[in-house]
Amino acid sequence: MASKKKAKSNSRKSRTLARLMIVQALYQMQLADHEVKELLSQCREREDYKKIDKIYFTQAIRTIYKSKTEFLAGIEVYLDRSISQIDPIEMGILLLGYYELEMKREIDIGVIINEAINLTKRFGSPEGHKYINAVLDRAAKVIRAA
């Protein structure tokens with residue numbers, strides 16, 4: 001039983017670390033306009049890549065990159081300001097949260113929002129986590145209502 005609990009904990013940690021690297025890659029995508037292959041290649045060269053959920057990471061980056069225009073349009077509906085006014089780190093977090101709400105229905109809404117809040121507290125503006133929480137909460141009510 002203890003090994004099952006440890007495996008689940010390790011799985012959760014590797015997913016959290018994957019989200020962290022996804023946000024960093026999305027930030028880089030916005031600033032440097034790198035192609036998806038370049039983003040994946042650069043991340044795979046990092047030492048901490050060994051610790052992440054690689055399948056989740058690769059799938060998320062490829063999907064978000066391919067669907068960026070649609071995801072940005074989807075996010076914009078829930079914003080109270082222009083998308084251009086959103087900080088690139090927080091936009092990366094919103095893109096990841098939106099991806100998870102839309103594409104990863106098996107992940108609980110609370111987990112998605114909590115992970116986004118934690119990422120924002122770590123990398124975003126001092127009060128940015130409140131905004132991320134509000135935006136993803138509004139999006140979740142609509143996206144997951146169906």
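How many aromatic pairs does the count come to? The count comes to 3 aromatic pairs, and keep in mind that this is a predicted model.

**Aromatic pairs**
- Let's start with Tyr49 and Phe57: their ring centres are 6.0 Å apart and their planes meet at 80°, so this pair is edge-to-face.
- Tyr49 and Phe57 are both buried.
- Next up are Tyr56 and Tyr99, with ring centres 6.5 Å apart and planes at 65°, so they also make an edge-to-face pair.

**Charges over rings**
- Tyr49 shows up again here, as the charged end of Lys54 sits over its ring, 5.4 Å from the ring centre.
- Over at Tyr131, the charged end of Arg81 sits over the ring, 4.0 Å from its centre.

- You'll find Ala116 in helix H6 (residues 109-123).
- Is Ala116 buried or exposed? Its relative accessibility is 3%, and buried means under 20%, so Ala116 counts as buried.
- Leaving aside residues up to four places away in sequence, Ala116 touches Ile93, Ile132 and Leu136.
- Ala116 and Val23 are 93 residues apart along the chain, and their C-alpha atoms are separated by 9.7 Å.

Terms used. Residues are numbered from 1 along each chain as its sequence is written. This is a predicted model: local features need pLDDT of at least 70, side-chain atom pairs count only at pLDDT 80 or more; totals for chains, interfaces and linings use all residues. Side-chain values use heavy atoms; hydrogens and water are left out. Rings of Phe, Tyr and Trp (its six-membered ring) pair if their centres lie within 6.5 Å; planes under 30 degrees apart count as stacked, over 60 as edge-to-face and the rest as tilted. Buried means under 20% relative accessible area, exposed over 50%, partly exposed in between (1.4 Å probe, protein chains only). A charge sits over a ring if NZ of Lys or CZ of Arg is within 6 Å of the ring centre and within 35 degrees of the ring normal. Helices (H or I, at least four residues) and strands (E, at least two) are DSSP runs, numbered from the N terminus. Contact means heavy atoms within 4.5 Å.
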